[in-house]
Amino acid sequence: MCSGRIALEFVLRAFANGIDGVFIGGCRLNECNYITQGNYHALNMVLLAKRMMQHIGLNPDRLRIEFMSSAEGVVFAEVMSDFARKVRELGPLGYGESLDENVLKARLMEMTALVPYIKVHTNEKLGKRLLEPSEYDKFFTQDEVDKLVNEAPAYYIDPQKCQACMICARRCPAEAIISNKGEIHIINQEECIKCGTCFDVCPPRFGAVTKIVGLPVPLPPPEGQRAVIRKKQEKEVA
Ligand code: SF4
Ligand code: SF4
């Protein structure tokens, strides 16, 4: 019932499924039927999504948001005709951008996985109300979004340091940590939303969680080789 319900993930998923253009219709700004003013949120989400599209080489004109009332049938028809014409001119998704289908899909999936991290870092801006259209273009800059994506961290648990205290697994909001009693804990990178909680809560005396930026994440030890080496045992062996 509200354009504010349209999440960034929905837009990226539509493109990942091969949709050539995404149109979002919202109520007129400042004419919200409720009290949420969700159309402003939708606008900010679109401005961010366009920068994310540009980051992976997609033409941002494939995404459009327009605001109109349900009584404006003629406006709706005109806007849709114009958008359909524009998308037809751009051609099938990735075609006009000279992007290989599989490469594009992989980039969209990577971008979708970064959405929780991006939302955490843009949360304050996403909630703002842009009162002037002249503010739209500069609200999210390309440099800002490129930097955010390029500097997205990964978290890794050092098998030599983890003492299987289980604190990180209990606190992880995405249930992304494979946790068994007496075993080195493992971060499932597919599920991790990069919130950094494990990094913050791992007791300093263990310091087992590492933040990695711009480098590949080491592979975890294979199953069957995850028994924790207790600090005490280590000393005894030495
Ligand atoms: S960074 Fe956050 S989501 Fe990822 S494993 Fe750590 S606590 Fe879980
Ligand atoms: S909090 Fe640190 S020591 Fe404890 S299980 Fe997690 S990574 Fe291992």
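Student: What makes the crossing of H1 and H4 left-handed?
Tutor: H1 passes H4 in a left-handed crossing. The term means that the near helix is turned anticlockwise from the far one by less than a right angle, while clockwise would be right-handed. This is a predicted model, where local features need pLDDT of at least 70, side-chain atom pairs count only at pLDDT 80 or more, and totals for chains, interfaces and linings use all residues. Residues are numbered from 1 along each chain as its sequence is written, with chains lettered from A and ligands numbered from 1 in the order in which they are written.

Student: Why are H1 and H4 called roughly antiparallel?
Tutor: Helix H1 (residues 8-16) packs against helix H4 (residues 101-113) at about 165°, with the axes 9 Å apart. Helices here are DSSP runs (H or I, at least four residues), numbered from the N terminus. Axes are lines fitted to C-alpha atoms over the stretch in contact, and angles run from 0 to 180 degrees between N-to-C directions. Under 35 degrees is roughly parallel, over 145 roughly antiparallel, 65 to 115 roughly perpendicular, and the rest oblique. H1 and H4 are therefore roughly antiparallel.

Student: Which residues make the contact of H1 with H4?
Tutor: H1 supplies Glu9, Leu12, Arg13, Phe15 and Ala16, and H4 supplies Lys105, Leu108, Met109, Met111 and Thr112. Contact means C-beta atoms, placed from the backbone, within 7 Å. Nonpolar covers Ala, Val, Leu, Ile, Met, Phe, Trp, Tyr, Cys and Pro; charged covers Asp, Glu, Lys and Arg; the others, Gly among them, are polar.

Student: What makes H2 oblique to H5?
Tutor: Helix H2 (residues 38-55) and helix H5 (residues 115-126) pack at about 135°, axes 10 Å apart. That angle makes the pair oblique. Their crossing is right-handed. His41, Asn44, Met45 and Leu48 of H2 meet Thr122, Lys125 and Leu126 of H5. These contact residues are three nonpolar, three polar and one charged.

Student: Why is H2 called roughly perpendicular to H7?
Tutor: H2 packs against helix H7 (residues 142-150) at about 65°, with axes 9 Å apart. That angle makes H2 roughly perpendicular to H7. This crossing is right-handed. From H2 come Arg51, Met52, Gln54 and His55; they meet Gln142, Val145, Asp146 and Val149 in H7. Three nonpolar, three polar and two charged residues make up this contact.

Student: Which residues are closest to ligand 2?
Tutor: Cys162, Cys165, Cys168, Cys202 and Ala208 are closest, among 13 that surround ligand 2. A residue counts as near if its C-beta atom, placed from the backbone, lies within 6 Å. The shell around ligand 2 holds 11 nonpolar, two polar and no charged residues.

Student: And which come nearest to ligand 1?
Tutor: Cys172, Cys192, Cys195, Thr197 and Cys198, of 13 around ligand 1. The shell around ligand 1 has 10 nonpolar, two polar and one charged.

Methods. Helices (H or I, at least four residues) and strands (E, at least two) are DSSP runs, numbered from the N terminus. Two residues are in contact if their C-beta atoms, placed from the backbone, lie within 7 Å.
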